[in-house]
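Welcome! Take a look at it before reading on.

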Number of protein chains: 4
Amino acid sequence: MMNRIHDEMQGMTDRGAVADYIPELAQVSPAHFAMSVCTADGQSFHVGEAGVPFSIQSISKVFTLALALGRLGDQLWSRVGREPSGLAFNSMVQLEHERGIPRNPFINAGAIVVTDAILAGHAPREVLGEVLRFVRQAAGDDDIHINHRVAKSEQATGHRNMALAHFLRAHGNLRNAPDLTCGVYFHQCAIEMTTRQLAQAGRFLMGGLPAARLLSPARVRRINALMMTCGHYDGSGDFAYRVGLPGKSGVGGGILVIAPGRAAIAVWSPGLDAQGNSRLGTLAVERLAQAAGWSVFG
Amino acid sequence: MMNRIHDEMQGMTDRGAVADYIPELAQVSPAHFAMSVCTADGQSFHVGEAGVPFSIQSISKVFTLALALGRLGDQLWSRVGREPSGLAFNSMVQLEHERGIPRNPFINAGAIVVTDAILAGHAPREVLGEVLRFVRQAAGDDDIHINHRVAKSEQATGHRNMALAHFLRAHGNLRNAPDLTCGVYFHQCAIEMTTRQLAQAGRFLMGGLPAARLLSPARVRRINALMMTCGHYDGSGDFAYRVGLPGKSGVGGGILVIAPGRAAIAVWSPGLDAQGNSRLGTLAVERLAQAAGWSVFG
Amino acid sequence: MMNRIHDEMQGMTDRGAVADYIPELAQVSPAHFAMSVCTADGQSFHVGEAGVPFSIQSISKVFTLALALGRLGDQLWSRVGREPSGLAFNSMVQLEHERGIPRNPFINAGAIVVTDAILAGHAPREVLGEVLRFVRQAAGDDDIHINHRVAKSEQATGHRNMALAHFLRAHGNLRNAPDLTCGVYFHQCAIEMTTRQLAQAGRFLMGGLPAARLLSPARVRRINALMMTCGHYDGSGDFAYRVGLPGKSGVGGGILVIAPGRAAIAVWSPGLDAQGNSRLGTLAVERLAQAAGWSVFG
Amino acid sequence: MMNRIHDEMQGMTDRGAVADYIPELAQVSPAHFAMSVCTADGQSFHVGEAGVPFSIQSISKVFTLALALGRLGDQLWSRVGREPSGLAFNSMVQLEHERGIPRNPFINAGAIVVTDAILAGHAPREVLGEVLRFVRQAAGDDDIHINHRVAKSEQATGHRNMALAHFLRAHGNLRNAPDLTCGVYFHQCAIEMTTRQLAQAGRFLMGGLPAARLLSPARVRRINALMMTCGHYDGSGDFAYRVGLPGKSGVGGGILVIAPGRAAIAVWSPGLDAQGNSRLGTLAVERLAQAAGWSVFG
């Protein structure tokens with residue numbers, strides 16, 4: 001089944017446009033494709049370039065959210081909401097309207113608040129180390145690194161995120177200096193992983209695996225709920241409608257998708273649709289979920 | 001389990017505020033509570049006033065959407081979107097910004113477009129008859145009626161919905177005269193059902209029941225996806241986070257909740273929270289879903 | 001000087017686009033041009049087709065505002081603001097944000113409230129008669145009429161204004177039935193005048209003419225202030241910047257401009273710019289004001 | 001007349017609230033009052049504490065705009081608009097909606113763009129010197145300085161302005177580093193002047209004074225037009241309505257008002273109204289303009 005989907009993807013010509021706001025992402029070829037699946041019974045399946053690392057970008061928000069919930073618990077929700085935003089992923093309108101409380105932890109403003117909550121006065125280098133340790137532990141693989149060239153590029157061009165951070169600070173919802181929090185944020189987005197590593201790292205969100213537990217079952221369910229309603233920016237409703245599974249996308253073209261109790265899926269294809277989500281990646285998991293009967297909606 | 005939840009709800013003092021925009025809803029006591037469950041194996045369970053009819057209001061949007069999808073298929077999506085709105089349920093801002101295409105079929109503007117699509121030049125009375133037949137057939141119960149006093153009251157005070165209809169018409173997204181479409185809409189919202197009837201009527205969304213099929217399994221999954229991301233206005237993310245099941249609420253205090261493959265649940269308690277969803281109803285299904293392990297998120 | 005400006009306008013090719021939302025306006029040729037000036041010393045000057053009537057449209061809002069202020073005084077300001085809107089002329093966003101109080105009496109929502117305030121339970125026909133009497137008295141000319149074909153067309157296509165009226169009603173800021181108030185509004189917009197008549201009708205806003213006084217000097221100053229800050233929709237700042245005089249435009253291509261203490265000016269050219277204001281009309285009064293040294297800004 | 005107004009202001013109890021976002025402004029007593037008038041015939045009149053310096057804050061935007069127009073001419077308008085904003089003075093909504101082009105040079109975002117245009121790669125210290133020279137020359141008084149404590153405080157708390165600057169930069173409408181441009185901006189706002197100095201510095205906007213000309217008459221008219229439509233944030237329409245003169249306010253409680261061809265007026269009272277404009281200052285110039293018959297509106 002995965003091989004058939006892989007073949008179908010190879011034949012696709014409308015692959016969307018590669019993110020072009022930093023040179024490191026713009027240079028990636030839209031021809032890449034990889035998909036990895038880790039099932040609840042411990043098996044793994046891979047097609048395409050499952051050993052080629054890519055920039056996970058916003059998928060990192062899932063790991064920092066898990067870290068923050070583990071450390072702070074529900075008090076995190078006083079600083080960030082749990083509702084879909086209904087607006088483009090970097091909108092400041094909503095933020096202004098709601099006095100500095102981002103709608104959810106997966107829009108940029110919300111993710112910056114989550115990173116700020118983890119930072120909490122510690123040294124950025126130390127906190128980044130902790131994020132990396134969490135991801136490596138979840139993946140069971142120590143060969144996961146930050147691409148510092150990507151991080152530097154994001155830092156040089158990330159004026160919109162810096163604007164969000166200053167704006168959050170003006171509303172009293174940022175505890176650290178904007179350039180420190182954004183520094184950590186730009187680096188976490190620059191983590192590189194293969195689909196193999198990403199699917200493995202996603203297993204703790206499947207539930208039901210005592211060994212892989214990094215988070216309580218209740219928190220796992222809640223992260224999945226957030227990925228379902230908010231995981232694909234302003235395309236979240238469409239992803240739920242087509243795929244029927246919680247997922248989180250990144251502008252590097254990766255998507256982490258969870259079939260609760262059944263599988264963790266990672267897919268990568270760098271071409272994006274108008275909402276900034278991987279076009280072929282979405283299509284591939286839509287077909288996989290349908291063929292496997294994994295939709296949570298019956 | 002349901003009896004325990006019923007008892008817990010009886011003890012609750014913070015029941016929210018009853019909708020007060022028409023006298024017929026304002027007069028309903030916040031003390032009412034009922035919950036009914038129809039399981040996939042054909043059993044039914046009821047607690048509280050499961051035989052007392054209440055105004056289903058926006059829950060009717062689920063039935064008209066099913067009707068419209070059955071009749072028009074996916075071409076309906078050229079007139080209404082599938083994304084959460086991120087704004088109050090009757091907002092005109094989004095509608096103006098997006099040139100007359102409502103974000104989804106569960107906000108008022110979207111539901112008015114769906115009703116307009118069913119109306120399609122037919123006589124309002126005839127179309128209302130069809131909606132009622134659909135609901136009765138789904139419930140397997142012919143004793144379901146429209147409360148005409150409620151419909152008249154809504155008509156007299158429904159200026160915001162009339163504004164939406166005229167606005168949709170100005171954008172070319174309403175085919176019938178605003179007062180005709182709104183006339184049908186006000187009457188569909190005034191359908192009265194008991195939780196017993198509503199849970200039965202929701203069985204076709206459980207999936208897997210050949211006898212109860214009013215809609216293809218693919219369409220069932222998609223309606224569930226829409227209920228998950230958009231079914232509770234600006235509280236949809238929170239409902240997904242807490243309950244982990246697709247549902248649709250109405251300002252009459254009812255909620256229809258689907259546990260795919262397992263159960264259809266109807267709950268009623270007239271007091272509403274700040275987002276316009278039943279406060280105790282949400283709490284009751286949260287506890288039920290948790291106790292039964294029905295969350296779709298693992 | 002006026003003849004020179006007339007000649008210059010004849011040579012202009014970029015005349016903008018004629019309003020096309022109703023057939024009666026769409027059929028008007030963009031080649032028309034007329035300008036009339038009534039000076040404080042009682043003289044009149046005319047160039048172009050100063051005897052051809054055109055649809056005054058939103059310029060009527062100046063006359064209904066004068067009527068309403070004369071009748072209700074400052075209590076009108078509890079229902080409508082005095083600030084520029086900073087948004088397109090028919091926006092519902094602002095209205096929703098500010099709970100049904102339109103920003104000023106010259107955007108459509110504000111003008112509908114003003115008309116509603118004059119209507120005040122009287123028969124529409126009667127109130128329209130009063131508006132017409134006011135305009136005729138101001139112009140000193142009884143040959144001013146409503147074009148009922150234009151009014152009917154606006155009524156048939158005026159869904160956006162009907163939406164505004166229902167929305168105002170939903171917020172408790174409309175006292176009469178939406179179709180009654182809009183009926184009067186559509187008819188007042190359909191008044192036809194020549195530039196000769198319009199310039200004469202504008203003399204009461206010049207100030208300093210005891211005979212022409214229909215309003216106290218304080219109210220005259222205030223209407224001029226409102227025309228300066230809000231008279232040209234989202235092009236008001238630009239008109240103030242370029243012309244330096246208060247004015248009110250209509251989508252029929254007319255503009256009424258006041259040089260306080262000096263002159264009342266009417267100009268007509270049907271082609272509109274992107275903000276819905278007469279392109280050549282604006283240019284003509286800009287040149288007239290500059291040549292005559294009439295800018296209020298020094 | 002000025003003495004009478006001074007006396008009336010002394011008796012006022014509802015003086016509004018002093019700006020409190022930095023300690024230096026919060027410590028100023030609301031009891032201060034001063035008004036100075038320079039007339040076209042070269043006379044000066046002063047009441048109250050006309051020799052006490054106060055922070056001119058946003059009034060500095062008039063001087064940097066004059067400088068920028070003198071240096072860049074109309075090409076400045078490709079980077080900033082000329083329309084009232086219709087929103088709170090520090091709104092990012094409008095900016096996002098209009099892709100980084102601020103509505104006008106008097107909202108914060110627009111003033112930051114103007115300062116950025118003057119900075120143009122020069123050293124901040126050098127450009128600040130030039131702004132100060134311009135103000136001193138206009139006032140004919142070299143004893144005008146920047147309060148560096150105020151500037152430092154604004155820098156420490158100015159996250160909203162930093163957010164605006166980064167946002168402008170993200171849209172390609174800021175040429176210098178955000179902290180450099182904001183550095184100059186915070187210092188220009190921290191210029192201190194007495195009403196005597198400010199009224200003198202405003203004479204070049206009166207027009208008709210060859211000796212005082214720092215700007216062409218056409219540009220003077222246009223700055224006045226902008227002050228009329230945009231000079232008081234979201235209270236601009238109200239100021240035009242009540243006072244009938246162009247003016248620019250600052251949160252330090254000062255207002256510079258121009259009676260074209262007649263007078264330059266400076267008023268100071270630190271208590272602000274809900275729109276951030278001096279409450280008693282507005283009232284004082286309203287009474288002065290009315291008594292002197294200086295309204296430009298007749």
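## Two helices that cross

A helix axis is a line fitted to C-alpha atoms over the stretch in contact, and the angle between two axes runs from 0 to 180 degrees between their N-to-C directions. Keep in mind that this is a predicted model. In chain D, helix α5 (residues 108–119) packs against helix α8 (residues 159–170) at an angle of about 65°, and their axes are 10 Å apart. The crossing of α5(D) and α8(D) is right-handed.

Which residues do the meeting? From α5(D) come Asn108(D), Ala109(D), Ile112(D) and Val113(D), while α8(D) brings Asn161(D), Leu164(D), Ala165(D) and Leu168(D). Sorted by class, the residues of this contact of α5(D) with α8(D) are six nonpolar and two polar, with no charged ones.

## How chains A and B are related

Now let us turn to a pair of chains.

## Where they touch

The contact takes 36 residues from chain A and 36 residues from chain B. On the chain A side, α11 (217–230) and α12 (236–242) each supply at least two residues. The largest share of that side, ten residues, comes from α11(A). By class, the side of chain A that touches chain B holds 15 nonpolar, 14 polar and seven charged residues.

Because 100% of the interface residues of chain A are also interface residues in chain B, the copies meet through the same surface.

How values were computed. Residues numbered from 1 in each chain as written. Chains lettered and ligands numbered in written order. Predicted model: local features only at pLDDT ≥ 70, side-chain atom pairs only at ≥ 80, totals over all residues. Contact = placed C-beta atoms within 7 Å. Helix = DSSP H or I, 4+ residues; strand = E, 2+ residues; numbered from the N terminus. Nonpolar A, V, L, I, M, F, W, Y, C, P; charged D, E, K, R; others polar. Left-handed = near helix turned anticlockwise from the far one by under 90°.
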